[in-house]
Amino acid sequence: MKKNKWYNFFCQNKLCKTHGKKGLGNLISNGHDRNGARKLFCKECEKSFNETKGTAFYKKHLSKKEIIKISKQFVEKSSLRGVARATGHHLDTIRNLAGDVAEHCFEVTGFLIKDVKLGTHEIDELIAQRTQQPTSKNKISFCTDANKQNKNGILKSFHKDSVDYGQVIKDKIMQIVYGVHKRKVIGNMPYQDISIAHVDGLCKALRERGKCFVREASTYPKKRKMIFIILSIYQAYHNLIDARKGLTPCMKEGISNHVWTWGKLLNAKVSVEK
Ligand SMILES: [Zn+2]
């Protein structure tokens with residue numbers, strides 16, 4: 001049988017029984033719309049839809065290239081106003097695009113995380129391991145900075161005998177840091193294991209890359225939605241695109257086997273099957 005050219009697409013009609021399923025051969029080409037995007041027709045439900053439906057490019061007047069270019073700016077410490085100035089687009093255009101790109105990123109990362117081949121033996125084991133309740137023999141360890149809320153938070157959730165908790169404390173005089181020292185707060189964690197480098201790195205990156213998280217910045221998010229937008233885009237970028245030594249966090253977790261690009265992220269369609 002001749003392989004259907006549109007095997008990589010699936011019907012976008014949520015009511016159709018082929019929705020989200022690729023490679024069934026139910027789709028045929030149905031010409032192009034005004035903007036030159038291909039339209040696909042589903043033989044099953046007899047509805048047609050645009051090939052970009054389900055991607056961040058759907059119903060956008062900007063070109064794909066331009067959308068990718070603008071999206072990259074969202075994680076480069078610029079405010080939306082700054083992105084609008086740098087790219088020459090209207091602020092409203094940039095705002096709407098940021099909202100849509102964020103929704104898309106949130107959907108794609110959420111899907112990937114849920115879709116970690118659940119039910120396979122290794123994943124069951126991993127979940128069992130991670131959700132195991134700590135005991136005095138099998139303790140859970142925490143490392144944080146000197147923020148006082150952390151200790152209360154930990155003790156609210158765990159018994160103190162099942163916790164090893166260490167702090168990395170900055171030595172300061174009048175806001176000037178002159179050193180760091182470590183402290184065992186609960187339990188007895190070896191000093192060399194007390195480290196917050198991994199968390200600190202992520203917090204630092206987040207502060208540097210999202211304009212409204214920069215310390216003592218003049219911008220701050222005035223609406224909750226703005227935090228969602230910046231975090232969703234940054235999360236997808238961090239987990240899928242931003243590779244360190246050739247590996248992204250999703251690759252380390254076995255969720256993806258390659259480094260993604262912005263094009264791939266924005267073009268990804270969430271299907272039932274992978
Ligand atoms: Zn259909």
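How are α2 and α3 oriented to each other, oblique or roughly parallel? This is a predicted model, in which local features need pLDDT of at least 70, side-chain atom pairs count only at pLDDT 80 or more, and totals for chains, interfaces and linings use all residues. Residues are numbered from 1 along each chain as its sequence is written.

Start with the helices. Helix α2 covers residues 80–87 and helix α3 covers residues 91–114. Helices (H or I, at least four residues) and strands (E, at least two) are DSSP runs, numbered from the N terminus. The two helices pack at an angle of about 120 degrees, their axes 9 Å apart. Axes are lines fitted to C-alpha atoms, for helices over the stretch in contact, and angles run from 0 to 180 degrees between N-to-C directions. So α2 and α3 are oblique to each other (under 35 degrees is roughly parallel, over 145 roughly antiparallel, 65 to 115 roughly perpendicular, the rest oblique).

Which residues make the contact? From α2 come Leu 80, Arg 81, Val 83 and Ala 84; from α3 come Leu 91, Ile 94, Arg 95 and Ala 98. Contact means C-beta atoms, placed from the backbone, within 7 Å.

Now the sheet. Strands of a sheet pair through backbone hydrogen bonds, either parallel or antiparallel. Here 3 strands form an open sheet, ordered β4-β5-β6, with mixed pairing. Pairing requires at least two DSSP bridges between two strands. The edge strands, β4 (140–144) and β6 (176–186), each pair on one side only. Strand β5 (residues 163–173) runs antiparallel to β6, and 9 bridges join them. Tyr 165 has Ile 186 in β6 as its bridge partner.

Definitions and conventions
Two residues are in contact if their C-beta atoms, placed from the backbone, lie within 7 Å.
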